[in-house]
Amino acid sequence: MPDLLQRRAGVPVLVCDPAGPPIATERDALDLIGAAFLGATAVAVPADRLDPSFFSLGTRFAGEIMQKFVNYRLRLVVVGDISRHLAASAALRALVAESNRHDHVWFVPDLAALDERLRA
């Protein structure tokens, strides 16, 4: 399945293909942002597509990627099970909890949870 622009709970979301290329650089994130400019206000990225460095906050990769989405006024939604990363990092647990309290970056377990969050 290619990345698809879908209306989810009335919101245009670019839903990224789980089998798509990894997001390992800022350029990769900017490519997704460019694709979202076809009409999306949010980008749902499978957690497995994110380079493991995204979940290691010391690399600053997560902050750089998240800031790119904020700068372009797009919501970034990380979709999938990140429990192994959360278990390994109190800082990541804090980032996820704080992010989920706001509107710019969300971490959800699946697309159904995204739909529920969008409806709220």
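**Entry 1: strand pairing.** For the record, strands are DSSP E runs of at least two residues and helices are H or I runs of at least four, numbered from the N terminus. I call two strands paired if DSSP finds at least two bridges between them. V15 has A44 as its bridge partner in β3.

Housekeeping before I go on. This is a predicted model, so local features need pLDDT of at least 70 and side-chain atom pairs count only at pLDDT 80 or more, while totals for chains, interfaces and linings use all residues. Residues are numbered from 1 along each chain as its sequence is written, and side-chain values use heavy atoms, with hydrogens and water left out.

Next I checked the other side of β3. Five bridges connect β3 with β4, and this pair runs parallel. A42 sits opposite R75 of β4.

**Entry 2: the whole sheet.** What is the order of the five strands in the open sheet? I read β1-β2-β3-β4-β5, with mixed pairing. β1 (4-8) and β5 each have a single partner strand, so these two are the edges and one side of each lacks a neighbour in the sheet. On average, neighbouring strands are turned by 25 degrees against each other, direction ignored. Helix α5 (residues 111-119) packs on this sheet and touches β1, β2, β3, β4 and β5; its direction makes about 135 degrees with that of β5. Contact here means heavy atoms within 4.5 Å. Axes are lines fitted to C-alpha atoms, for helices over the stretch in contact, and angles run from 0 to 180 degrees between N-to-C directions.

Entry 3: My cut-offs: buried is under 20% relative accessible area, exposed is over 50%, and partly exposed is in between (1.4 Å probe, protein chains only). In a regular strand the side chains alternate between the two faces of the sheet. I looked up both faces of β3: A42, A44 and P46 point one way, V43 and V45 the other, and all are buried. That makes five of five residues, so β3 is largely enclosed by the rest of the structure. β4 also has five of its five residues buried, so it is largely enclosed too. On β4, R75, V77 and V79 are on one side and L76 and V78 on the other.

**Entry 4: nonpolar cores.** A core here is a set of buried Ala, Val, Leu, Ile, Met, Phe, Trp, Tyr and Cys residues joined through side-chain atoms within 4.5 Å. The largest one has 27 residues, and V45, F54, F69 and L76 touch the most other members. Two or more residues come from each of α1 (26-36), β3 (42-46), α2 (61-71), β4 (75-79), α4 (90-100) and β5 (105-108). α2 gives the most, with five. I also noted a second, separate core of 11 residues, including V11, V15, A42 and L114. Leaving out residues up to four places away in sequence, F69 touches A29, L32, I33, V43, L74, R75 and L76.

**Entry 5: rings.** How many aromatic pairs are there? I get three. Rings of Phe, Tyr and Trp (its six-membered ring) pair if their centres lie within 6.5 Å; planes under 30 degrees apart count as stacked, over 60 as edge-to-face and the rest as tilted.

F37 and Y72 have ring centres 5.9 Å apart and planes at 65 degrees, so I log the pair as edge-to-face. F37 is in the loop between α1 and β3 and Y72 in the loop between α2 and β4, so the pair ties together parts 35 residues apart in sequence. Buried or exposed? F37 counts as exposed, at 53% relative accessibility; Y72 is partly exposed at 40%. Beyond four places in sequence, Y72 touches L30, I33 and F37.

F54 and F55 also pair edge-to-face, 5.2 Å centre to centre with 75 degrees between the planes. F54 is buried at 1% and F55 is buried at 5%. Ring pairs link F54, F55 and F61 into a cluster.
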